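User: Got a model here for a quick side-chain run-through. Can you walk me through the contacts?

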Amino acid sequence: MKNKHQDNIKKPIDAILRLHSILSKESVSYSPDKTSNIISFFHGKDKVKQLILLTEGTISVERINGKILMGKSSGPGIFGMEGSEFRISLYRMKCSNSAVLKCIPYERALLLISKYCGLSDYITCLRYYNDYVAFSNSILINHTALEIVCALLIELSEIPYEERLSISAVNFVRDRSNLARSGIMRIFSTLRQSSCIDIQNGKLVSLNKRLLTF
């Protein structure tokens, strides 16, 4: 079952690339913690807040409370845009081994963005990231297990086919919802019997969005 606002959340690639172009003037290479790949937004002895630029690879965003995976973002991307230490503390971000990252002090980044007329792009990107987090949270609030599973399966179906065939459907749903594996499997069985989904070898092959949309 699909949230009617999901189709309106599109990653603003062009705006992100324009901001990357502005910030690359002074950004420097950044390496996360070597053992965990967890990203820190506060660097140096003075804990200077940073903006993190992802050029290649992926970053996974996990809500610390409940250890729920909010999603994975492929490059290009920009993280830490909200600037709030409290907001940053709510999430744990971990990059893939292949990720290429850069960083720049947050306050300096804002000055450069203002100087080179990037505020409109900054607001566009910030709106996208806030909308995505709000959408991910909305899936889990006041919805039944069936509705949660359907919404997440639709999200999974929008991943390119070849990439999707490497993803366990049950793990995709469980990581993003904390629903029990047994409950997810029962719902999968019900959806299969209703010809709503086709799952083979644990991978989502196809689904009927019309039957899953509310």
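Analyst: One caveat before the annotation: UniProt positions follow the numbering used here, feature names are shortened, and annotations may be inferred rather than shown by experiment. The unreviewed UniProt entry lists residues 147–209 as "domain: IprA winged helix-turn-helix". The model is predicted: local features need pLDDT of at least 70, side-chain atom pairs count only at pLDDT 80 or more, and totals for chains, interfaces and linings use all residues. Residues are numbered from 1 along each chain as its sequence is written, and side-chain values use heavy atoms, with hydrogens and water left out.

User: What is the helix and strand content of residues 147–209?

Analyst: That span is 60% helix and 14% strand, and its end C-alpha atoms lie 13 Å apart. Helices (H or I, at least four residues) and strands (E, at least two) are DSSP runs, numbered from the N terminus.

User: Salt bridges next. How many in the whole structure?

Analyst: The search finds 4. The criterion is a side-chain nitrogen of Lys or Arg within 4 Å of a carboxyl oxygen of Asp or Glu. One of them joins D121 and R18, with the closest N and O atoms 2.7 Å apart. D121 is in helix 4 and R18 in helix 1 (residues 13–23), 103 residues apart.

User: Why does D121 count as buried?

Analyst: Because its relative accessibility is 12%. Buried means under 20% relative accessible area, exposed over 50%, partly exposed in between (1.4 Å probe, protein chains only). R18 is partly exposed at 44%.

User: Which residue does E62 bridge to?

Analyst: R92, at 2.5 Å from N to O. E62 lies in strand 4 (residues 58–63) and R92 in strand 7 (residues 91–95), so the bridge ties together parts 30 residues apart in sequence.

User: And what is the N to O distance for K209 and E158?

Analyst: 3.6 Å. K209 is in helix 9 (residues 209–212), while E158 sits in the loop between helix 5 (145–157) and helix 6 (161–164).

User: Switching to rings. How many aromatic pairs?

Analyst: The count is 3. F79 and Y129 make a tilted pair, 5.7 Å centre to centre with 45 degrees between the planes. Rings of Phe, Tyr and Trp (its six-membered ring) pair if their centres lie within 6.5 Å; planes under 30 degrees apart are stacked, over 60 edge-to-face, the rest tilted.

User: Are F79 and Y129 buried or exposed?

Analyst: Both are buried. F79, Y128, Y129 and Y132 form one aromatic cluster.

User: What sits over the ring of F172?

Analyst: The charged end of R176, 3.7 Å from the ring centre. The rule wants NZ of Lys or CZ of Arg within 6 Å of the ring centre and within 35 degrees of the ring normal. K25 also lies over a ring face, that of Y116, at 4.8 Å from the centre.
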